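Trainee: I would like to learn how to read the features of a protein model. Please take me through them one at a time.

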Amino acid sequence: MKRFSCAELVELVTAYLDDALDAAERRCFDDHTAHCPSCSRHVAQHRAVIAALGDLPPEKPLSPAARDHLLAAFRRSHHP
């Protein structure tokens with residue numbers, strides 16, 4: 001099985017979260033994050049951003065409160 005480097009994983013995180021990786025790539029991705037706390041945290045940060053943004057319409061800019069909420073989510077996921 002191919003092993004991803006941390007740099008490769010960072011490049012693939014969006015495809016992973018969009019379920020756009022093939023089965024073999026997904027297994028490699030999951031295996032890497034299971035053994036690499038830094039990459040696992042990186043994926044968690046992306047998930048936190050997605051959750052914080054929710055269903056915000058793309059044409060609507062972030063309000064100051066939404067921006068603060070998003071930054072707080074980043075900080076919580078980065079510093080447990």
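Mentor: We will go through this predicted model feature by feature, from the overall fold to single residues.

Trainee: How many helices and strands are there in the protein chain?

Mentor: The protein chain has four helices and zero strands. Read from the N terminus, its elements run α-α-α-α. Of its 80 residues, 22% count as buried.

Trainee: How is a pair of aromatic rings described?

Mentor: Two values are used: the distance of the ring centres and the angle of the planes. This structure holds one aromatic pair. The rings of Tyr-16 and Phe-29 have centres 3.9 Å apart and planes at 10°, so the pair is stacked. The cut-off behind that word is an angle under 30 degrees.

Trainee: Where in the chain are Tyr-16 and Phe-29?

Mentor: Tyr-16 belongs to helix α1 (residues 6–17) and Phe-29 to helix α2 (residues 23–35). The two are 13 residues apart, and the pair links distant parts of the chain.

Trainee: Is Tyr-16 buried or exposed? And Phe-29, buried or exposed?

Mentor: A residue counts as buried under 20% relative accessible area. Tyr-16 has 8%, so Tyr-16 is buried. Phe-29 has 1% and is buried as well.

Trainee: Which residue has its charged end over the ring of Tyr-16?

Mentor: That is Arg-26, with its charged end 4.1 Å from the centre of the Tyr-16 ring. Arg-26 itself is partly exposed, at a relative accessible area of 25%.

Trainee: What should I know about charged side chains in general?

Mentor: Side chains of opposite charge can pair when their charged atoms come close. A search of the whole structure finds two salt bridges. In one, Arg-3 pairs with Asp-31, and the closest N and O atoms are 3.1 Å apart. Arg-3 lies in the segment before α1 and Asp-31 in helix α2, 28 residues apart, so to speak of this pair is to speak of a link between distant parts of the chain. Arg-3 counts as exposed, at 63% relative accessibility.

Trainee: Which residue forms a salt bridge with Arg-26?

Mentor: Asp-19 does, with the closest N and O atoms 3.5 Å apart.

Trainee: Where is Asp-19 found, and what is its phi?

Mentor: As a general idea, most residues other than glycine have a negative phi. Asp-19 is not a glycine, yet its phi is positive, about 60°. Asp-19 is found in the loop between α1 and α2. With a relative accessible area of 55%, Asp-19 is exposed.

Trainee: What is a disulfide, and how many are counted here?

Mentor: A disulfide is a covalent bond between the sulfur atoms of two cysteines. The count here comes to zero disulfides. The cut-off is a sulfur pair within 2.5 Å. For Cys-6, the nearest cysteine sulfur is that of Cys-39, 3.6 Å away, and Cys-6 is in no disulfide. Cys-36 is in no disulfide either; its nearest cysteine sulfur, again that of Cys-39, is 3.7 Å away. Cys-6 is partly exposed, at 37% relative accessible area, while Cys-36 is buried, at 14%.

Trainee: Which residues make up the largest nonpolar core?

Mentor: That core has 10 residues, including Phe-4, Leu-9, Val-13, Leu-21 and Cys-28.

Trainee: How far does helix α3 reach?

Mentor: Helix α3 (residues 37–53) has 17 residues and spans 24 Å from its first C-alpha to its last. That is close to the 24 Å expected at 1.5 Å a residue. After α3 comes Gly-54, with a positive phi near 55°.

Trainee: Which residues of α3 are buried?

Mentor: They are Cys-39, Val-43, Gln-45, Ala-48 and Val-49. As background, an α-helix has 3.6 residues a turn, so residues three or four places apart point the same way.

Trainee: And where is Arg-75?

Mentor: Arg-75 is in helix α4 (residues 64–78) and counts as exposed, at 52% relative accessibility. The C-alpha atoms of Arg-75 and Gln-45 are separated by 9.0 Å, although the two residues lie 30 apart along the chain.

Conventions. Residues numbered from 1 in each chain as written. Predicted model: local features only at pLDDT ≥ 70, side-chain atom pairs only at ≥ 80, totals over all residues. Heavy atoms only, no water. Phe/Tyr/Trp six-rings, centres within 6.5 Å; stacked < 30°, edge-to-face > 60°. Buried < 20%, exposed > 50% of the residue type's maximum accessible area, 1.4 Å probe, protein only. Lys NZ or Arg CZ within 6 Å of the ring centre and 35° of its normal. Expected span 1.5 Å × (residues − 1). Salt bridge = Lys/Arg side-chain N within 4 Å of Asp/Glu carboxyl O. Core = buried A, V, L, I, M, F, W, Y, C linked by side-chain atoms within 4.5 Å.
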